[in-house]
Amino acid sequence: MTSASLAERLDGLLFFPVTAYGPDGALDLEIYRAHVRAGIEAGAGAVFACCGTGEFHALTPEEFHDCVVVAVEEAAGRVPVVAGAGYGTALAIQYAKLAERAGADGLLAMPPYLVVADQEGLIRHYSALAGATDLDIIVYQRDNAVLAPDSVARLAKVPGIIGLKDGIGDLDLMQRVVSAVRADAPDEGFRYFNGLPTAELTGLAYRGIGVTLYSSAVFCFVPEVALAFHKALMTGDDETANKLLDGFYRPLVELRNQGRGYAVSLVKAGVRLRGLDVGEVRPPLSEPSPAHVKELAELIERGMALVGDGDGDADKGGNGDADKSGNEGGDGVAR
């Protein structure tokens, strides 16, 4: 383990692995291990285990703990591991303790379950979570948990709260958040990242307000494309970024928007198309239609062709068919 703080270590593409299930729907930790390992080896900057893409909502506490343990083992200190924590305050604290016991480096604090709280209630919730764990916390704002700029500035001063993941996409709000924290908590080293379902689509816009960290679901199944876009974004190669936006990311988002829950189920379908059988999503999510999976396979081929990697076949890229150990063939993130 490194002595550097989580805020200092967050860099590069943020990898949100899917959670693998066997044919019977039970957790498959060996396939999950292969998927996490491949993501790290492909160049992930951090592993966010059991979060939205990882179906946090569908996991038992025991399964959650076991997945975080596997992620920590595979990371082996090379990159930080951040685990999800959600529901009400009491349960969020329990998940924080499980993540701490599993060796995680930090938490992604999901919105509180169901209720729509006011700003003071949200601040109390996240502050209580921070006070109950030694893990650093990134607050995930989306849906029923949208924070005002002064609320984020207050949270930035709470020990242990080190960043904000934005799942809203309101750039006016984000600019005001960045400004408020800069004015009221300038010495906190607070971090921000774009957490929209396909964050690359808005990457250029977020870069304009100084937010360059983002979560990449595409990295789960086409890391070649995700890494090419990230390089273009970070080096100012907007020609390449726009080529990938026009040819791959915009069509992917349009496909994703055709089904509820596709932000998760379409990603798992993509991982399967690249050679690793991570199983289907658990209820209440549903699988994409066969026609949409076919469209996804064609998009993968197009994306691979755009980055000039091989012949673009969806089931190629060096990962074949995985065995249970993850040591042969498929490894879940194609090269």
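Reply: A residue is called buried under 20% relative accessible area, exposed over 50%, and partly exposed in between, using a 1.4 Å probe and protein chains only. The model is predicted: local features need pLDDT of at least 70, side-chain atom pairs count only at pLDDT 80 or more, and totals for chains, interfaces and linings use all residues. Residues are numbered from 1 along each chain as its sequence is written, and side-chain values use heavy atoms, leaving out hydrogens and water.

Leu-114 has 66% relative accessibility, so this residue counts as exposed. Leu-114 sits in the loop between β4 (106-109) and α5 (119-131); helices (H or I, at least four residues) and strands (E, at least two) are DSSP runs numbered from the N terminus. Together with Tyr-113 and Val-115, Leu-114 forms a nonpolar surface patch of about 360 Å² accessible area. Patch members have over 30% relative accessible area and no salt bridge; nonpolar side chains (Val, Leu, Ile, Met, Phe, Trp, Tyr) are joined within 5 Å, like charges within 9 Å. The areas come from the Shrake-Rupley method with a 1.4 Å probe, and for residues only the protein chains shown count as cover.

Now the charged pairs. The whole structure holds 15 salt bridges, each a side-chain nitrogen of Lys or Arg within 4 Å of a carboxyl oxygen of Asp or Glu.

One of them joins Arg-33 to Glu-73, with the closest N and O atoms 2.8 Å apart. This pair links distant parts of the chain, since Arg-33 is in helix α2 (residues 29-42) and Glu-73 in helix α3 (residues 61-75), 40 residues apart. Arg-33 is buried at 16% relative accessible area, whereas Glu-73 is partly exposed at 44%.

Another salt bridge pairs Glu-287 with Arg-272 at 2.6 Å, N to O. Glu-287 lies in the loop between α11 (262-273) and α12 and Arg-272 in α11, so parts 15 residues apart in sequence are tied together. Glu-287 is partly exposed at 24%, and Arg-272 is partly exposed at 25%. Elsewhere, shared partners join Glu-30, Arg-33, Arg-37, Glu-73 and Glu-74 into one salt-bridge network.

Within helix α10, Glu-254 and Arg-250 are four residues apart, about one turn, and form a salt bridge at 3.3 Å between the closest N and O atoms. Glu-254 is partly exposed at 44%, as is Arg-250 at 40%.
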